[in-house]
Amino acid sequence: MLSKDSIAVTPELVRSHGLTAEEFERIKTALGRVPNFTELGVFSVMWSEHCSYKNTRLELKKFPTTGPRVLVKAGDENAGVIDIGDGWSVAFKMESHNHPSAIEPFQGAATGVGGIIRDIFTMGARPVLLLDSLRFGPIYGESPEAQKNRRLFAGVVAGIAHYGNCIGIPTVGGEVYFDECYDENPLVNVFCLGIVRHSEIARGAAKGIGNPVFYVGSETGRDGLAGAAFASRDLTEESKQDRPAVQVGDPFKGKLLLEACLELLASGCVAGIQDMGAAGLTCSTCETASRGGTGVQIDLALVPQREQGMTPYEILLSESQERMLIIVHRGQEKKVKEIFEKWDLPYALVGQVTDDGMMRVLDGGRVEVEIPADILANDAPVYMREVEVMRPAPKITIDEIPHTDSHESLIRLLAHPSIASKNWVFRQYDHTVRAGTIVPPGSDAAVFYVREAGKILAATADCNHLYCKLDPREGARIAVAEAARNLVCSGATPLAVTDNLNFGNPYRPEIFSQLREAVEGMAEACRKFNTPVVGGNVSLYNQNPNGAVDPTPTVGMVGIIADERWITRQYFQNDGDVIFLLGPIGEEMGATHYLKVVHGRKEGQPPRLDFDLELRLQEVLSSLIQQGLVQSAHDCSEGGLGVALAECSISGERQVGASVRIDSSANRMDLLLFNETQSRVIFSVSRENSGTVEKICAAAGVPLFRLGEVGGPELVISNGKETQSWEIAELYKTWYCPIEDAMAPNES
Amino acid sequence: MKIAVVQFPGSNCDQDCLRALRDGVRVQAEYLWHKETSISGFDAAVLPGGFSYGDYLRCGAIARFSPIMKAIISAALGGMPVVGICNGFQILCEAGLLPGALIRNESLHFVCKPVWLRMETAETPFTEKLARNRLLRMPVAHGEGSFFADARTLSVLESQNQVVFRYVNESGEPTRKSNPNGSLANIAGICNEQRNILGMMPHPDRAWDRRLGSEDGQLIFESLVQYLESQTARR
């Protein structure tokens, strides 16, 4: 007999759960009755955007998700898995914690890290590295916004450090950008990668009728109530009152849970495993049942609880951290007891797998919830949202941009926190634990040696929000191309992608249009680069009273470096090496950082990506690297050739100058230095190999320019008519300190 | 010869230490679970880095009450070589095996970066293979690594040559800038009076493979193995 609680399910209550009248009708039809209060709560989280992707599912289907290396596809499990050879594979995924971080930056970011790590070890994989893609409003100045942005930035970085450092997984790279559009709505996208043998990949399915279902990990409390529903709303002034929807992370418990689960998985007694992330116990029970084609019955009276007097509604919707649901082969219950007692972790036998396809929740003897699991997990409504025709941003020519002093402009670009060194961030993260970090944060891609497997991996996260704002389709294409280019520059072969789509409110046609354009652009590029999307996350409603954030489809890409000798760094290595530009000299000024930082203009048509040229460039660069001809290679991105050359000089442990001459037909130095035409790489080569390199590139039909030589105390750049020079020591200081300087008032 | 790598709940450099010993110096090494009460069968012990018990009270303050610590304290007092790295150093101080304390970094931030160390004494089992004044490169990664002791303790440490490593610059000078955490007298590692117990904040377990940018950490483990071999030979 289903329990009827005293709380009546009124239209008002339905609305306050974020469900529309039509959705409520759909629920009643599916159930053949009116849901009770607890069931309404269960539907509200499972059918929220965060869990059901109801507004984006049709768009996400456009991504290429298969390939010869794909072992577990996007959406099938907690994370996708790809083959890296010799019986080894990697599970990886990126996920956002934007809304919680806006309200409570430290815990919001910390639990984001904890959540993505659980997604990875749920696959049976040992997590080996983390990356973050972070975006905040400007941090300079004394305005209330700047002060708030600094507080958010400091809190998010400290929160990531808190969880990642303690659990002992190195944060080896990522990106940080600052722009007004992220005022009060920071983006916190966290990426985790784990390593697992093919034969040991775990599944989140409730298999085997009669198998016992265990709850393991932290006790359930009232924290994070209905966080998934909270993340599916606009952020407003009142959002602060949603602070109880933010969870509290305990990385120590997380570490114990990680080790205990991996030990249990290795024992072979696990039939299915699922973490309790968004929508907690609710999501883990109905999803495992749905995947297994079974039912799951649990009794809430058996669930370890942190507080007294919690209602079934609260227990089911709690998002308390560090909890897992584990289905064990019958007869192996003792193993769970042994291992969880060893690690001093709470565990409880809470139910079993059934054959009736139901998610059935008891509280003592009373049935509180009885819903077909499939309806919850798969039958959420799917919407085709309204779109509008996007007007392309008009082209901008150099004549529409006032000529500025290039000497000063390069300094201003290097000092902008989006381009400046992120050392203040990265040194707060433990990036050397697990003794595998070969190329630490601050190069084009992080390079990591996975000792378990004897494999060298490279990983990067990329997205240029200026391009995406002004042309979401082209911006998303470029995000994929740049990620691939970064990997190739580091010596890797790109393998696969995880994405994090950060957009505003999808009910607004202009926002949904951005999303569709970006997805289609990303899908097209992933096909071209042969890098399937194996998982990801959508974060909508990134919106504050001032408007939506710029469309930010972040791309996380993983590559493999087959030979240690191919590992390549972005900074110049030896005096006397010859510097080349691979790719065109370029002239596209729209949507550039120069235009934004120096001229205060976020406008113009972003650069166009030529897939054919990009692919040929990456192919020839890979081949040069694999022939041992390349000393350093750096992707040319924000800030153009000028910033890229400066970074080659100053971003290594040793700073070294360079002298460069580019005979360009254009008169203006700023056009030469700061245009952001795509498909360009600066690389250096020993003098004796420079001739060989020129021959190979000519044969491949990729433009190549011999720019000059590494060496000296200055960076000297000439266009044949004008010559500019910068002292390396000064450039270094300009670039190294801005973030630390901006954050200094917070230190005291 | 067998070396124990002690696993506390929250240790996170236990795997790195075990690999540094097994794959780096190729010596027999095994994990020793914190709930064990005996260290018999082992010739030396490594207390690895991490966040034992979450470091929720004071770093190392709870770990020192773990069952295995009784056996470690008694073996260490009996002369067994014991090295505590990072959180392990904090545990050794909390257990009273080493003087002084490790307090919050001067910057109030966690700091992870490569540092230069100058070896101040070769008269320990962990440094006898190294030339005095030799510079070593390896990373630090800690939030509470600022070594502190009262003036008298400090002068005893200095006069008895118990400071084993100091943070220095590339030229070997202990400058303020080269000190990553505000440690007194740039102290990065110390030993006890009997010289068989070493505590150090930097991570030799992350500097034993050319690919990691430095193999200097390996020298410390090699010294230990050499010392243990000479002990066996003497017996």
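## Helices α7 and α8 of chain A

In this predicted model, helix α7 (residues 105-121) of chain A packs against helix α8 (residues 144-167) of chain A at an angle of about 35°. Their axes, lines fitted to C-alpha atoms over the stretch in contact, are 7 Å apart. Angles run from 0 to 180 degrees between N-to-C directions. Helices are DSSP runs of H or I with at least four residues, strands are E runs of at least two, and both are numbered from the N terminus. The crossing of α7(A) and α8(A) is right-handed; that is, the near helix is turned clockwise from the far one by less than a right angle.

From α7(A), the contact residues include A:P105, A:F106, A:V113 and A:I117. From α8(A), they include A:L152, A:G155, A:Y163 and A:I167. Two residues are in contact if their C-beta atoms, placed from the backbone, lie within 7 Å. By class, this contact has twelve nonpolar, seven polar and no charged residues. Ala, Val, Leu, Ile, Met, Phe, Trp, Tyr, Cys and Pro count as nonpolar, Asp, Glu, Lys and Arg as charged, and the others, Gly among them, as polar.

## A buried helix and the core

Ten of the ten residues of helix α3 (residues 37-46) of chain A are buried, so α3(A) is largely enclosed by the rest of the structure. Buried means 20 or more other C-beta atoms within 10 Å of the residue's own. The buried residues of α3(A) include A:E39 and A:M46.

A:M46 also belongs to the largest nonpolar core, which has 322 residues. Such a core is a set of buried Ala, Val, Leu, Ile, Met, Phe, Trp, Tyr and Cys residues joined through C-beta atoms within 7 Å. A:M46, A:V480 and B:A45 have the most contacts inside it. Leaving out residues up to four places away in sequence, A:M46 touches A:C51, A:A279 and A:L376, among others.

## Chain B

α1(B) and helix α5 (residues 216-234) of chain B pack at about 80°, with axes 10 Å apart. They are therefore roughly perpendicular, a term for angles of 65 to 115 degrees. B:L21 of α1(B) and B:F221 of α5(B) are among the contact residues.

The contact between the chains takes 25 residues from chain B and 24 residues from chain A. On the chain B side, α1 (14-25), β6 (111-119) and β7 (135-142) each supply at least two residues. The largest share, three residues, comes from β6(B).

## Conventions

Residues are numbered from 1 along each chain as its sequence is written, and chains are lettered from A and ligands numbered from 1 in the order written. Local features need pLDDT of at least 70, side-chain atom pairs count only at pLDDT 80 or more, and totals for chains, interfaces and linings use all residues.

Notes: Buried ≥ 20, exposed ≤ 12 C-beta atoms within 10 Å, placed from the backbone. Parallel < 35°, antiparallel > 145°, perpendicular 65-115°, else oblique.
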